[in-house]
Amino acid sequence: MADLEIHDVSEDVMARLRLRAQNNHTTVEGFVKRLLEQDSKRLTTDELIVRGREISEGSGVTTEDILTVIEEDRTHRK
């Protein structure tokens with residue numbers, strides 16, 4: 001495992017982290033580690049765009065198809 005050290009964290013941020021850690025029955029280090037682990041598993045916006053394109057390319061659905069369905073839905077709502 002790698003080590004991570006963070007400097008110059010404001011007292012306000014540290015106070016909130018301490019409180020949240022305490023409410024979760026863990027240490028600040030454990031709480032922040034869990035936050036980092038959770039965040040590292042989330043896809044970034046760029047990754048989501050790439051994944052969306054990969055899915056849509058395999059589906060055969062075009063942008064025109066999507067716009068047609070949206071317009072049809074708007075027409076039905078009127």
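Glu54 is partly exposed, with 45% relative accessible area, where buried means under 20%, exposed over 50% and partly exposed in between, for a 1.4 Å probe and protein chains only. The model is a predicted one, in which local features need pLDDT of at least 70 and side-chain atom pairs count only at pLDDT 80 or more, while totals for chains, interfaces and linings use all residues. Residues are numbered from 1 along each chain as its sequence is written, and side-chain values use heavy atoms, with hydrogens and water left out. Helices in this briefing are DSSP runs of H or I with at least four residues, and strands are runs of E with at least two, both numbered from the N terminus.

**Salt bridges**

- Three salt bridges are counted, a salt bridge being a side-chain nitrogen of Lys or Arg within 4 Å of a carboxyl oxygen of Asp or Glu.
- Glu54 is paired with Arg51 in a salt bridge whose closest N and O atoms are 3.5 Å apart; both residues belong to helix 3 (residues 45-59), where they are three residues apart, about one turn of the helix.
- Arg42 and Asp39 form a salt bridge in which the closest N and O atoms are 3.3 Å apart; Arg42 is exposed at 53% relative accessibility, whereas Asp39 is partly exposed at 45%.

**Packing of helix 1 and helix 2**

- Two packed helices are described by the angle between their axes and by the distance between those axes.
- Helix 1 and helix 2 (residues 28-41) pack at about 90°, and their axes are 8 Å apart; the axes are lines fitted to C-alpha atoms, for helices over the stretch in contact, and angles run from 0 to 180 degrees between N-to-C directions.
- Helix 1 is thus described as roughly perpendicular to helix 2, on a scale where angles under 35 degrees count as roughly parallel, over 145 as roughly antiparallel, 65 to 115 as roughly perpendicular and the rest as oblique.
- On the side of helix 1 the contact is made by Met14, Leu17, Arg18, Arg20 and Ala21, and on the side of helix 2 by Val28, Phe31 and Val32, contact meaning heavy atoms within 4.5 Å.

**A nonpolar surface patch**

- Leu4, Ile6, Val9, Val13 and Leu36 together form a nonpolar patch on the surface, with about 430 Å² of accessible area.
- Patches are made of residues with over 30% relative accessible area and no salt bridge, like charges being joined within 9 Å and nonpolar side chains (Val, Leu, Ile, Met, Phe, Trp, Tyr) within 5 Å.
- Accessible areas come from the Shrake-Rupley method with a 1.4 Å probe, and for residues only the protein chains shown count as cover.
- Val9, one of the patch residues, is placed in the segment before helix 1 and is partly exposed, with a relative accessible area of 32%.

**Positive phi angles outside glycine**

- Asp8, which is not a glycine, has a positive phi of about 60°; Asp8 is located in the segment before helix 1 and is exposed at 83% relative accessibility.
- His25, also not a glycine, has a positive phi of about 55°; the loop between helix 1 and helix 2 holds His25, which is exposed with a relative accessible area of 77%.

**Distances to Arg77**

- Arg77 is part of helix 4 (residues 63-77) and is exposed, with a relative accessibility of 68%.
- Between Arg77 and Met14 there are 50 Å in space, C-alpha to C-alpha, for a sequence separation of 63 residues.
- Ile49, in helix 3, is partly exposed at 38% relative accessible area, and the C-alpha atoms of Ile49 and Arg77 are 30 Å apart, with the two residues 28 apart along the chain.
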